[in-house]
Amino acid sequence: MANKQQQTEITTRHVNVYYGAKQALFDVNLAFPKYQLTALIGPSGCGKSTFLRCLNRGNDLLGHTRVSGEFQFEGRDIYDQAVNVMQLRSQVGMVYQQPTPFPFSIFDNVSFSQRMSGEKNPHKLAAIVEKSLRQAAIWDEVKDNLQQSALALSGGQQQRVCLASVLAANPKVILLDEPTSALDPVATAKVEETLQQLKANYTIIMVTHNMQQASRISDQVAFFLDGKLIEFNATKKIFLHPQEQMTSDYLNGKFG
Amino acid sequence: MNKQLFNSSKEIRQDKLGRLLVYSALTVVLVLALAMLYFIFSKGIATFTQNHINFWDFLTRSNWNTDNLQKPDLGAWALMVTSAETTLLAVLVTTPLALVIAIYIVVMSPKIGGRIVQPLTELLLGIPSVVYGFVGLTLLIPFLRNWAGGTGFGVLAASLVLALMILPTITSLAVEALNGVPQSYQTFAYSLGCTKWQVIVHVLLKISAPNLLVAVIFGVARAFGEALAVQMVIGNTVQLPLGLFTPAATLTSKLTTDMGNTIDDTLASNALWSLALLLLVMSLIFNLLAKLVLRRSQSRESISR
Ligand SMILES: Nc1ncnc2c1ncn2[C@@H]1O[C@H](COP(=O)(O)OP(=O)(O)OP(=O)(O)O)[C@@H](O)[C@H]1O
Ligand SMILES: [Mg+2]
């Protein structure tokens, strides 16, 4: 039996992405170990968000994109014709850079995905909402105001409500696209702490521009440059002994 | 003391002149509006103050007999009912259709929708009402006559013409309402595993509901206020519209039909002014309703901001 830590949740091979005629990703190969947090770093426009969107078929929604390559998730190819895309998206949840809660109550936000998949039992919904809000470490702040609009919350609270909404869908993988770039240091610390706890049960892939953040909470780091994967390694190795000159240049602030 | 500080400069004079222009324009508009309100109001109540028509009778009776000055029998009830009925029918027919078209434009096929369907609806928006009436007269009336017998003129014909007229109104406002829902909500809903249908119903329609309601209210207001096109196809008989093929008359169509045929300061003329007053009050109510809906949804959002 393989050790829990060494199983891979998602494996990608030879990923190429084109926006119209423009190629945004070139032959990216990455494997994401189960129950670990992988940080994607690199200068603006290098294709981090594009790569993240591949993993929940978010690129399908953009219309003019073409994705090729292999994406193994639980023994199946994410882009297989037979894959139920809605099912996939609830298993590979995504939290965006700007918090995007719906202009509904906190309860309706967090219970949204369950209600959409047909859950009507109010007790079950309430239980799921509470569990998800607790996991997202915001239960104590909002438990008395679940009927209040989610838009009344601060940015950091909204971001954690979004995280709770994603968790309520029962995902296996959580994708985060710069989840703390709109937050102040206190809120950022809260989200980081939450993510570290979530690692026990979820595989997390996170885009970040914050190198301290990557070094604080990630297990692996993937460094992208101009649509190519330059280096992928354990976080310690990347920060202490980068193999590639470009990686160390980037980490030392020489460009980007 | 620095004298320059107290001298008026060119900019200040310009500013003063600009302000003067704006305020005088405002005054003109305000005076015109007030004068019109006063005019309609004073003429409109003459029926009751000079001709001694009972106000309650005017609201509840259905005859329109202004010739017998000894015993005039004058009531707008049938007109009001017809106005309400044609408007309601038109809105009921048009709203689902407009919503489907708007959803098609915004969600299903923004390309075809934006390039072909939307310009088309905007074109329809600019067509004068007499043209709609003419189309109804030459296409719809013969069709109804063949299909249901009778003359073809009546409530149904008027409702269908109105339905066609308010289709572009409601559609274009509904498109605006749907486009007002931030894309991020849709993206988030999809990423939570929603189907397109769920995104449309539970995100787009739900969030834009107040603005969609306002679109319908504007449709109602336009249908209620339309005179010419209705007059051309409704048959112009003052009676309670008991069937869909009954010839009838609405508040506005009665006004246009009789307008040229009355002498000032007679009962017949004053009664028409009373209709105008009634219409004014109604359109005021529609406007207030729209404002109320918007204010409520906005205050909900601003509280939650
Ligand atoms: N929807 C799109 N249509 C066309 N081109 C796009 C689209 N999204 C991204 N691109 C292009 O693809 C490349 C990669 O963009 P991407 O958003 O993945 O970068 P990123 O690494 O996430 O950058 P940032 O750190 O600024 O978010 C860029 O050159 C960008 O211009
Ligand atoms: Mg990005």
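Glu192(A) counts as buried, with 6% relative accessibility (buried means under 20% relative accessible area, exposed over 50%, partly exposed in between, with a 1.4 Å probe and protein chains only). This is a predicted model, in which local features need pLDDT of at least 70 and side-chain atom pairs count only at pLDDT 80 or more, while totals for chains, interfaces and linings use all residues; side-chain values use heavy atoms, without hydrogens and water. Residues are numbered from 1 along each chain as its sequence is written, and chains are lettered from A in the order in which they are written.

**Salt bridges in chain A**

- The side chain of Glu192(A) meets that of Arg216(A) in a salt bridge at 2.7 Å, N to O (a side-chain nitrogen of Lys or Arg within 4 Å of a carboxyl oxygen of Asp or Glu).
- Arg216(A) lies in helix H9 (residues 211-217) of chain A and Glu192(A) in helix H8 (residues 185-198) of chain A, so the pair ties together parts 24 residues apart in sequence (helices are DSSP runs of H or I, at least four residues, numbered from the N terminus).
- Arg216(A) is partly exposed, at 47% relative accessibility.
- Asp60(A) and Arg57(A) form another salt bridge, with their closest N and O atoms 2.8 Å apart; Asp60(A) is partly exposed at 36%, whereas Arg57(A) is buried at 13%.
- A network of salt bridges links Glu141(A), Arg160(A) and Lys190(A).

**Two domains in chain B**

- Chain B is divided into domain 1 (4-44) and domain 2 (73-304), with bounds from an automatic or database domain assignment.
- Their contact takes six residues from domain 1 of chain B and seven from domain 2 of chain B, where contact means heavy atoms within 4.5 Å.
- The centres of these two domains, taken over C-alpha atoms, are 36 Å apart.
- One salt bridge is found across this interface.
- Asp265(B) forms a salt bridge with Lys43(B), the closest N and O atoms being 3.7 Å apart.
- Asp265(B) is exposed at 56% relative accessibility, while Lys43(B) is buried at 16%.

**Elsewhere in chain B**

- Val130(B) lies in helix H5 of chain B and is partly exposed, with a relative accessible area of 38%.
- Ser283(B) is found in helix H11 (residues 267-304) of chain B and is partly exposed, at 35% relative accessible area.
- Ser283(B) and Ala221(B) are 62 residues apart in sequence and 6.5 Å apart in space, C-alpha to C-alpha.

Note on methods. Helix = DSSP H or I, 4+ residues; strand = E, 2+ residues; numbered from the N terminus.
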